[in-house]
Protein chains: 2
Amino acid sequence: MEGKEILKQHIAKTASLSEEEFEHFFSHFKAESFKKGEVVINEGDDVEKEYFVLSGCLKTFFMNDNIKMHILQFTMPTWWTSDYAALYNKAKATITIDCISDAEVLSITNEAREKICRELHQVEYFFRWRTNKGYVAAQKRLLSFMNNDAKTRYEELMALYPALYNMVPKHLIAAYLGVSRETLSRLYNSSK
Amino acid sequence: MEGKEILKQHIAKTASLSEEEFEHFFSHFKAESFKKGEVVINEGDDVEKEYFVLSGCLKTFFMNDNIKMHILQFTMPTWWTSDYAALYNKAKATITIDCISDAEVLSITNEAREKICRELHQVEYFFRWRTNKGYVAAQKRLLSFMNNDAKTRYEELMALYPALYNMVPKHLIAAYLGVSRETLSRLYNSSK
């Protein structure tokens, strides 16, 4: 399926746009390709865009004292990603986003998103609910982190994206969960 | 200042509503009062409303195995709160919200918010940005938790709400930071 159609079906789950409105909406996006390992946003960068993933998998992370990698999020097809703190506040990125595999994305600038939200009420509605869902996911992840229960975090991750275990290198899944490789294997085996 | 005026000034920071539009918007809210210690949302409840705090302070928390209290959020005047996961997904509350002090709030139902967002594009814009900011705050809190740095968490909390240290009992601030009372005293003394 081409990128335009993927975005169209994604939007249609939330908002009602006419053919003409969708064409106008879509004209604000730019198709971009990244290679495996390529950096999309680097810590310290200015951040001007957010990304809708069409294919591949991205990860959002930061390094603690340049030693330990903490993974904040994996971004799969039909998910959105950026350093939103930096994007919304016009600040420097505090996290890094790179590609676990080759990836195709559609990018939109902050400015273009705000313009199209003003022009089309349904687009504003779409982005409100997109962020509402993101907020709930972030709260849920915070709750399970505070609760410090690796098993629950593992099960939540697998429920969120069942294919992940085979798509993403094990050391990255362990870094997402904040556990060792050995603990991850134990969780995997005990959940089968 | 009366509640209506507090909400009006809060909205005006983000959205442009005419006098008449604001009156219509405001008519969807209900004034509610809670006593210190009173529960606003209980774990297991159906959740139908969100709350805009006019005065007082609320806390959002959950109990780990009914023993250890984890505090997710303090909610101060001009902040919003609810169990959004439950509110948006029509699910049962997984957290509890109660009052640290007597509190005055304005409540709005899920249904009324959606209605007024459809009717007034500027209200939709307001709620989109309200959630955008909430999302960024939740991500930031998650980052500092993953980084496991109590000093940074303490400084972020004090930057967010400088008056908090004197308004909220110390054992609750410690529960928010995930540290002991002793560690909190040390952080407080070293930051003076």
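Which side chain does A:Lys49 meet in a salt bridge, and at what N to O distance? Please go on from there to the contact between chain A and chain B.

Analyst: This is a predicted model, in which local features need pLDDT of at least 70 and side-chain atom pairs count only at pLDDT 80 or more, while totals for chains, interfaces and linings use all residues; side-chain values use heavy atoms, with hydrogens and water left out. Residues are numbered from 1 along each chain as its sequence is written, and chains are lettered from A, and ligands numbered from 1, in the order in which they are written.

The side chain of A:Lys49 meets that of A:Glu32 in a salt bridge, at 2.9 Å from N to O (a side-chain nitrogen of Lys or Arg within 4 Å of a carboxyl oxygen of Asp or Glu). This pair links distant parts of the chain, since A:Lys49 lies in strand β3 (residues 49–55) of chain A and A:Glu32 in strand β1 (residues 30–34) of chain A, 17 residues apart; helices (H or I, at least four residues) and strands (E, at least two) are DSSP runs, numbered from the N terminus.

Turning to the two chains, the contact (heavy atoms within 4.5 Å) takes 37 residues from chain A and 37 residues from chain B. Together the chains bury about 3500 Å², 69% of it on carbon and sulfur atoms, where buried area is the accessible area (1.4 Å probe) that two parts lose on being put together, summed over both. In chain A, the residues that lose the most area to chain B are A:Arg128, A:Tyr135 and A:Met146, which together give 21% of what that side buries.

There are 4 salt bridges between chain A and chain B, and A:Glu114 and B:Arg128 meet through their side chains in a salt bridge at 3.0 Å, N to O. On the side of chain A that touches chain B, the elements giving two or more residues are β4 (58–64), β5 (68–75), α3 (84–89), α4 (110–119) and α5 (121–147) of chain A, and the largest share, 19 residues, comes from α5(A).

Helix α5(A) packs against helix α4 (residues 110–119) of chain B at an angle of about 150°, with their axes 10 Å apart (axes are lines fitted to C-alpha atoms, for helices over the stretch in contact, and angles run from 0 to 180 degrees between N-to-C directions). From α5(A), this contact draws on A:His121, A:Tyr125, A:Arg128 and A:Trp129, and from α4(B) on B:Arg113, B:Glu114, B:Cys117 and B:Arg118.
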